[in-house]
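The following explanation is intended to be read beside the sequence and the model.

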Amino acid sequence: MPLQINHRLLPLLALAGLSLAGAAVGVASEPTANGYDEQAPLSAVAQLGKKLFFDPSLSGNGQMSCASCHDPANHYAPANGLAVQLGGLHLDQPGIRAVPSLAYKTSTPSFSIGEESAADEAAEASPMTEASGVALANAPASVAGPLTAQAVKADAAAANLVPRGGMFWDGRIDSLEEQALQPMISPFEMANADVATVYAKLKKGYGKDISALFGDNVLNDRDMMISEIGFALARYQIEEPSFHPYTSKYDYYLRGKAVLTDTEARGLKLFDDANKGNCASCHLDKMTGDGQMPNFTDFEFEALGVPRNPAIPANADAHYYDTGICGPLRNDTYSVQQQNCGLFKTPTLRNVATRHVFFHNGVYRTLEDVTRFYVKRDTNPEEIYPKDASGKVVKYDDLPPQYRANIDIIDAPMNRKLGDAPALSDAEIADVVAFLRTLSDGYDPAKDSVKAAR
Ligand code: HEC
Ligand code: HEC
């Protein structure tokens, strides 16, 4: 796969007017947060990707584009507050999972299961990363202090076989390229009848662009055409700066150009502290040795046991469960392995304060509730889960009982027992949330200093 992409990339770089040497190592004239030249104009292929991204005629009913769910005005996440979005031919078919943001996805490695610690893995660039010239922006800090959360979870991970990477909450697709076809034929998303329909539409609407960019042969080869379209959509997400701006207050803080308030600074400390929030053990927050910004995920999969969300229509069926890697949407050798059931990919927390719903099933609507879930799940489960008919609290109610052993009860803050004090007090939860709010892009340091001076 990497070979194929690189092969295709060569003429593209020429098209984009980038020097090969510069692109290969991600060096921009002015070093940027992610090592990619944010000033470069979109290549012709990325411009095609952009057209496709916003084109509703590529959906079954002609009304829905990628941007309908991945709204550029909201960091490529939905603008509305629905737990799951409506799609399909009549825009009335509910999805089964919350829509993730598309920002900061370009450094996602391919799906793998391995013993490698995060640090080893970071040394290998994913095919996506190599192909795009985007330097690895998610690598964990090479030098972590002894008490930082990063160090604590890396040890635990090394002992286990950990799934990581891939696209979607269940990692079922390896790359942005391969991902693009899925929403186009999903019955609850863009709902084209089949791949042949998509192919016919592309040929009709984009035939000229496609033959100019990829050659006439592609026009008559359905699989090639679908693959080039995926490539174009991926190039758009890689090249368009608003998919990875790195302009949050925290980014300015890391570059020494902003000062956190007392509350935010306390929140960051709790986020890092291996005995308190321990959030950074999964949501990596340190700059790497070579100056790459953190992406707030280690791309690993975890079963957190978040409560069932009755707002998802599929959940009306008591026998239905979303078990992440084990399906319903994933169907391969990994989805039949019991130890993977209930595991979902750790999402980035960049722009998390602009999201309306949280977790794969959108069960929470505030960051306070999310953080409270982490610290009270086991100490005060009656505040987190519903009760059954006999009045007993049903802990981990969104997973079938046989998979509940997969739920993480080892990593802090989820290692507490019934009746223990929660790892964070309400005041500390408020501090962590204040810190999470510093992760939204579009921070203006000039405005902030004016405010501070007043
Ligand atoms: C009806 C809403 C909807 C539309 C339209 C839609 N998506 Fe999505 N998208 C989703 C949902 C829901 C998920 C998560 C699905 C899952 O995890 O199983 C997702 C996930 C993704 C992901 C993976 C992100 C991650 O965090 O792993 C990418 C990339 C993506 N979509 C790109 C696109 C592109 C490109 C289009 C247009 C061709 C598109 N989407 C159209 C709802 C939508
Ligand atoms: C052991 C790894 C791990 C730790 C520790 C951890 N998280 Fe997470 N986080 C995850 C995973 C995995 C998910 C997705 C789970 C799901 O949807 O089922 C997630 C999801 C989230 C989300 C929802 C994001 C979205 O887009 O829906 C937020 C917010 C969040 N975590 C904040 C925190 C905070 C705050 C802490 C510390 C108090 C923390 N996390 C600790 C792994 C972790």
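The paragraphs below take up confidence, overall architecture, the ligand surroundings, a helix pair and some individual residues.

This is a predicted model, in which local features need pLDDT of at least 70 and side-chain atom pairs count only at pLDDT 80 or more, while totals for chains, interfaces and linings use all residues. Residues are numbered from 1 along each chain as its sequence is written, and chains are lettered from A and ligands numbered from 1 in the order in which they are written.

Confidence is considered before the details. The predictor's confidence in each residue is given as pLDDT, on a scale from 0 to 100. For the protein the mean pLDDT is 84, and 80% of the residues reach 70 or more. Residues 1-36, however, have pLDDT below 50, and this stretch has 48 contacts in the model beyond near neighbours in sequence. Here two residues are in contact if their C-beta atoms, placed from the backbone, lie within 7 Å. Residues 118-147 also stay under 50, with 80 contacts beyond four places in sequence. Where pLDDT is low, the predicted coordinates should not be read in detail.

The secondary structure comprises 17 helices and 6 strands. These elements are DSSP runs numbered from the N terminus, with helices (H or I) of at least four residues and strands (E) of at least two. Of the 454 residues, 48% count as buried. A residue is buried if 20 or more other C-beta atoms lie within 10 Å of its own, exposed if 12 or fewer, and partly exposed in between, with C-beta atoms placed from the backbone. Among contacts between residues at least 6 apart in sequence, 70% join residues at least 24 apart.

The surroundings of the ligands come next. A residue is near a molecule if its C-beta atom, placed from the backbone, lies within 6 Å of it. Of the 26 residues around ligand 1, those that come nearest are Cys 66, Cys 69, Phe 168, Trp 169 and Pro 183. Two or more residues of this shell are given by each of helix 4 (66-69), helix 8 (176-179) and helix 9 (181-185). Helix 4 gives the most, with 3 residues. By class, the shell around ligand 1 has 16 nonpolar, 6 polar and 4 charged residues. In this classification Ala, Val, Leu, Ile, Met, Phe, Trp, Tyr, Cys and Pro count as nonpolar, Asp, Glu, Lys and Arg as charged, and the others, Gly among them, as polar.

Ligand 2 is surrounded by 26 residues, of which Cys 279, Cys 282, Glu 302, Phe 359 and His 360 are the closest. Its shell divides into 15 nonpolar, 7 polar and 4 charged residues. The largest share, 4 residues, comes from helix 15 (residues 367-376). Helix 15 is largely enclosed by the rest of the structure, because 7 of its 10 residues are buried. The buried residues are Leu 367, Val 370, Thr 371, Arg 372, Phe 373, Tyr 374 and Val 375, and their cover includes helix 16 (426-436). The loop between helix 15 and helix 16 holds Pro 413, which is joined to Ala 412 by a cis peptide bond with omega near 5°.

Pro 328 is placed in the loop between strand 5 (301-302) and strand 6 (344-345).

Attention now turns to a helix pair. Helix 10 (residues 195-214) packs against helix 12 (residues 222-239) at an angle of about 70°, with the axes 10 Å apart. Helix 10 is therefore roughly perpendicular to helix 12. Val 195, Leu 202 and Phe 214 are among the residues that helix 10 brings to the contact, and those from helix 12 include Arg 222, Met 225 and Glu 228. The contact residues comprise 9 nonpolar, no polar and 2 charged.

The loop between helix 4 and strand 1 (86-87) contains Asp 71. Asp 71 is partly exposed, because 17 other C-beta atoms lie within 10 Å. Beyond its neighbours within four places in sequence, Asp 71 is in contact with Tyr 76, Ala 77, Pro 78 and Ala 79. Tyr 76 has a phi near 65°, a positive value in a residue other than glycine. With 24 other C-beta atoms within 10 Å, Tyr 76 is buried.

Conventions: Axes are lines fitted to C-alpha atoms, for helices over the stretch in contact, and angles run from 0 to 180 degrees between N-to-C directions. Angles under 35 degrees count as roughly parallel, over 145 as roughly antiparallel, 65 to 115 as roughly perpendicular and the rest as oblique.
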